[in-house]
Amino acid sequence: MSASPDTSAASGYDPRDILRRVRSARSFSERFDSFSEIYVWVLAAVVALAYLASALYGAIFVLLGEGVPHLELASARWSLDAVALFLLPMLLLLVFRLMLYLGPNAVGPEQADWWLPLPVDRRVLLRPAWRRALGLGSAAGVFLGLLWALALFALAGTWSPALLLSVVGFFALAGLGSAAAAGALQAAGRQHAAQRFCSAGLRVLAAGYVLLWTAQLVGMGTLDARLVAWEQALLEVGPWMVLCCGALAVAVPCIVLASRRLAGVSGAALREGGLHQQQLAGAIMQADARGVHLGAARKRNRTGGRLVRALPVSVGILALRCVRGGHWKPALGFSAAALVLLLSVRTAANPLALAGVLAILLVVLGASLAEVLRPAATQPELGLMLGLARSQRERAMTAVAAGLSLLVLGVWTLGLWGIGALAPVPWWSWVAAVLLAALGLASVALAHARRAERDWEEIFAGASNEMSIAAVLIQQAWTLLRAAASGAALYFQVLAPVAAVPWGIWAVCLLGAAPALKKLAG
Amino acid sequence: MATESEHRTHLEAHGLVIGYPEQTICGPIDLRIGTGDGLGIIGSNGSGKSTLLATLLGRIPAQSGETAFRGLPLDEDSLDFRRTVAVQVSDGAFFEELSVAEHLEMVARGHGVPEWEAKVESELEFFELTAVADHLPGELSSGQRRKLLLAATLIRPAGLLIFDEPEQRLDLRIRQKFYERLAGLRRDMVSILAVTHDPAMLRLCLDRALLLDGDAGEYVESEDGAQWLER
C-alpha cells in the first residue's frame, strides 16, 4: 500500500506530503479548539459520573429498602454484593462491545472514497485513530472503575485508596485491552462475530445467575459459603491486583496483535467499521437503539399473519409490528430481570423497589409502544393507502397501545399479588389505577411516536442556541416523565397499601389518560 | 371519453400558486380532472411538478388559489376522497414487518375488496412479484419496491388514480403492460393524473398534459407533450 517511489518521483506527486501539509496547516486556534474539545469531554464525563453515581446510589438505596418493611420471600437468598459479581463481567462485555463500534479501523463511507484510493501506507492514515481508540478504551474503563468503586463504597461502607487504585487500574487495563482486541477484530472483519459473542456472553451470565440461584434454592448449601467468600473478595485489594495482572496479560498481546494488523487492514474492513460507527452515531442522534442493528439482515417472520385476519386492518398491522418487530422484547426483558432480582435478592422485595420497578416499566413500555406506532403516526400516506382517516388511525393506535399496556400491567399486578407483595384491596382502586396507567401510557406513546422521526444531528447542527436544544430535550424528558407519572396511583397503592389514594393523584392520572380517552371516543 | 351527463369533476384548482414559504415555484394554475380524464404533468427538473401534485393533495399549502374535491374543499380524511382517490405513495412508505403479499392484502381488506385473496394473487402476477411475495420491503430491489407501490394503488377500487413518475425504475416491458392497463381503466371511466417523464405514458394512457415551463403552465395535447419530452 505504500506509495511507489518511482511514480512519486516521476510525477512529483507524494501523497504523504499531502498528509504532512494537512497536519502542519492546523493553526494555533485549531489546536486550541481540539484542546477545548478534550476539556469539554472531560467535563461532560465528570458531570455524567456525578449523575450516574447519584442514580446508582438511588438504585442501591431502593434495593436495600432501608427503613421500609421488606417482604420476606423464601426465594430471596442473595445479597446485592453477590449480584455485583455478575455485573462485573457484564460491564466488561459492554465496554468491549462499545469498542467494537468505536475501534480505530473505521473510515466513514463518505471519506472512504477519498482516502482509501490514496497510495499511502494505511498505518499513516490510521495511527491517530488507533491512539484515540486506546485512549477512549482506557477512559471508558476508568469511568466504569470509578462507578464500580462508588458502588462498592455504597454497599460496604468502607474503602481504602489502595482498593480504589486497584479497581480503577483493573478497569483501565480492561478498557485498553478491549480497545486493542476490538481493533484487531475490526481489522480482521470479525465485528459481527464478536458482537454475537458479546450477546451470547450476556445471555450466559444471565442464565448462570438463574442457575446458581436455583441450585441454592434446591439446597446446595456449599454455594452459600462460596458466594460469601467471593463477595468478600470484591472488597480486598489482593484479588483486584490479580485481576489487574490478568487484564495486563491480555491487553499487551492484544495491543501488539492489533498494531501489527494495522498495516494490512483491508479497505472492506475499514468501510465496514465506518458503517458501524455511523450506525452507532445515528442511533445516538435519533435516540433509537435499533439504529445499531441496521446492517443485520432482518429475518422473515410470518408469525400471526393468519391470526390478525380476524382483526380490523389497522389493529392487525400494529399487532404484527409488535410481534414481528420484537417491540415486546424490552418490556419482557426488563420484567424478567426485575422479577428475578425481586425474587432472589433478600432486601429487594420492598415497596420502594416495587414502585421503582413499575416506574421504569412504564417508561420502557411507553418507548416500545411508540416504536410500534411510529410508521402509522408519522406517515399519514400509509393510512391513506389503507383507506383510513386520521381519526380512525389514531383510535386504532390508541386502542392497541392501551390494550398492550393493560395486558402487561395486569400481568404484573396479578403476579405481585400472587407472591404477596401487594394487598389486593380495595380491588376497584387497583383496577382503576391499572386502567388509567394504561390509558396514560397510550397517550404518551402516541405523542412520542409522532416525534420518533426526529433527527438529533440535524437538531444539534441547526440549533441557533443552547435554549432551542434545551427546549427539545425538555420536551423529550417531559414525555418520559409523563410515562412514569401515568402510574402515580399505582405507586401510591404500593407505597401506602392501607391509605386511600388522594383525589389529587387520581386527577394527575386522569389528566394523563385524557388524550387517549378523547381519541378512543373519536 | 364520457358523455356530458356522466361527467363529474373530481379535482379542480383555480389560480393555484405553488411553492415554499420563501420561494414561489409557479402559478397561477387552473386545473380540472373529471370522470375518465387523463392528464399528465410534465416539465423540466425543478419546474414544480411534484410540488403541484403535493399541493393538489393538500400536503403542501398553496401560496394562493383554491383546490376542491367534488366541489368541496379538499380533505384527505373525508370518506369520499379516501374511497375515490388512490395515490401512489412515496418510495419509503412501507411497514417494515409486513411482506409484499401482506401489504397488498391489508390494502385490499382496508378498502373492502371482495375475494381479496384472488386479487392479491393477480396483482402479484401482473407486476411479476409472485416470487418475492413473502419478502419484506427491505429485501426488495428499488424496482420491485416501485412495483409493490403501483400494485397497492391498483388493487383497490378508485375513481381517480394519482401517480408521481410511476415509470421510475420499471423495466420497459412492465411499463408497457402498466400503461396498457391504465388505458383499460380509463375506458372504464377511471381518471388519471400523473407526473411523468415518459412520452409513452402520455401517448398510451393520457389525453392532455400540463406543461410547466413558465409561470402559469400550458395545456398541450398528449402527442405534443410527448414530443416536448423527446426533444
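In the predicted model, helix α14 (residues 351–378) and helix α17 (residues 427–450) of chain A approach each other with their axes within 7 Å and cross at roughly 50°, where helices are DSSP runs of H or I of at least four residues and strands are runs of E of at least two, numbered from the N terminus. Axes are lines fitted to C-alpha atoms, for helices over the stretch in contact, and angles between N-to-C directions run from 0 to 180 degrees. The pair α14(A) and α17(A) is therefore oblique, given that angles under 35 degrees count as roughly parallel, over 145 as roughly antiparallel, 65 to 115 as roughly perpendicular and the rest as oblique. Among the residues of α14(A) that meet α17(A) are Leu362(A), Leu369(A) and Arg374(A), and those on the α17(A) side include Leu441(A), His448(A) and Arg450(A), contact being defined as heavy atoms within 4.5 Å. The residues of this contact comprise eleven nonpolar, three polar and two charged, with Ala, Val, Leu, Ile, Met, Phe, Trp, Tyr, Cys and Pro taken as nonpolar, Asp, Glu, Lys and Arg as charged, and the others, Gly among them, as polar.

In chain B, six strands form an open sheet of mixed pairing in the order β6-β7-β8-β3-β9-β10, two strands being paired if DSSP finds at least two bridges between them.

Gly38(B) lies opposite Ile192(B) in β8(B), whereas Leu39(B) has Arg208(B) of β9(B) as its bridge partner. Six of the six residues of β3(B) are buried, that is, under 20% relative accessible area, with exposed meaning over 50% and partly exposed in between (1.4 Å probe, protein chains only).

Strands β9 (residues 208–212) and β10 (residues 218–221) of chain B pair in the antiparallel sense over four bridges, and they form a hairpin with five residues between them, in whose turn Gly217(B) has a positive phi of about 80°.

Residues are numbered from 1 along each chain as its sequence is written, while chains are lettered from A and ligands numbered from 1 in the order in which they are written. Local features of this predicted model need pLDDT of at least 70, side-chain atom pairs count only at pLDDT 80 or more, and totals for chains, interfaces and linings use all residues, while side-chain values use heavy atoms, with hydrogens and water left out.
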